[in-house]
Amino acid sequence: VIAPSLELLAEAQMVVALRLAGMAGVWPVGMDEAHRMVSEKGPALMGAATDAHSAALAGQRLDEIVIAAIAPLTGTARDNRVRLSTRQG
């Protein structure tokens, strides 16, 4: 559980840093970034809950359930990091 948690932590921290740099005007980000960072939360959390629920119903161990919940969040954060780290301007 530690490695997936650390991966999510690292990806999320990079996304926060890139978005803050964009808001400060030192890194180009899309005009819709503020809206995007709010609107993506619901679907990402729903995906995490759904995957954790499926893992629990399948009888997986607690650590496997947590990893199932973390996976879609990590994927969303990774996609954001890749998108934001590519200069858009």
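Modeller: A residue counts as buried under 20% relative accessible area, as exposed over 50%, and as partly exposed in between (1.4 Å probe, protein chains only). On that basis, 26% of the 89 residues in the protein chain are buried. The model is predicted: local features need pLDDT of at least 70 and side-chain atom pairs count only at pLDDT 80 or more, whereas totals for chains, interfaces and linings use all residues. Numbering runs from 1 along each chain as its sequence is written, and side-chain values use heavy atoms, with hydrogens and water left out.

Colleague: What does the secondary structure come to?

Modeller: The protein chain has four helices and zero strands, in the order α-α-α-α along the sequence. Helices (H or I, at least four residues) and strands (E, at least two) are DSSP runs, numbered from the N terminus. The C-alpha trace spans about 50 × 25 × 15 Å along its principal axes.

Colleague: And what share of the contacts is between residues 24 or more positions apart?

Modeller: Among contacts with a separation of 6 or more, such residues account for 71%. Contact here means heavy atoms within 4.5 Å.

Colleague: Let us take H1. How far apart are its end C-alpha atoms?

Modeller: They are 33 Å apart, which agrees with the 33 Å that the 23 residues of H1 should span at 1.5 Å a residue. The expected span is 1.5 Å times one less than the number of residues. After H1 comes Gly25, with a positive phi near 85 degrees.

Colleague: Which residues of H1 are buried?

Modeller: Leu8, Glu11, Val15, Leu18, Arg19, Ala21 and Gly22 are buried in H1. The buried residues of H1 pack against H2 (33–39), H3 and H4.

Colleague: Glu11 is on that list. What does Glu11 touch?

Modeller: Leaving aside residues up to four places away in sequence, Glu11 touches Ala77, Arg78 and Arg81. Its relative accessible area is 9%, so Glu11 is buried.

Colleague: At what angle do the axes of H1 and H4 cross?

Modeller: The axes of H1 (residues 2–24) and H4 (residues 62–85) cross at roughly 30 degrees and come within 8 Å. Axes are lines fitted to C-alpha atoms, for helices over the stretch in contact, and angles run from 0 to 180 degrees between N-to-C directions. The crossing of H1 past H4 is left-handed, meaning that the near helix is turned anticlockwise from the far one by less than a right angle.

Colleague: Which residues make the contact?

Modeller: H1 contributes Pro4, Ser5, Glu7, Leu8, Glu11, Ala12, Met14, Val15, Leu18 and Arg19. From H4 come Ile67, Ile70, Leu73, Thr74, Ala77, Arg78, Asn80, Arg81, Arg83, Leu84 and Ser85. By class, the contact of H1 with H4 has eleven nonpolar, four polar and six charged residues. Ala, Val, Leu, Ile, Met, Phe, Trp, Tyr, Cys and Pro count as nonpolar, Asp, Glu, Lys and Arg as charged, and the others, Gly among them, as polar.

Colleague: Turning to H3, how many residues does it have?

Modeller: H3 (residues 41–57) has 17 residues, and its first and last C-alpha atoms are 24 Å apart, close to the 24 Å expected at 1.5 Å a residue. Its buried residues are Ala44, Ala48, Ala52 and Ala55. These residues lie on the same side of H3 because they cover an arc of only 65 degrees around the axis, taken from the directions from the helix axis to the C-beta atoms.

Colleague: What do the buried residues of H3 pack against?

Modeller: They pack against H4. On the face of H3 turned away from its buried side are the exposed residues Pro43, Met46 and Leu57. Just after H3, Gly59 has a positive phi of about 80 degrees.

Colleague: Where is Thr50?

Modeller: Thr50 is in H3 and is partly exposed, with a relative accessible area of 39%. Its C-alpha atom is separated by 7.8 Å from that of Ala69, 19 residues apart along the chain.

Colleague: And what is the relative accessible area of Ser54?

Modeller: For Ser54 the value is 42%, which means partly exposed. Ser54 also lies in H3, and the C-alpha atoms of Ser54 and Thr74 are separated by 18 Å.
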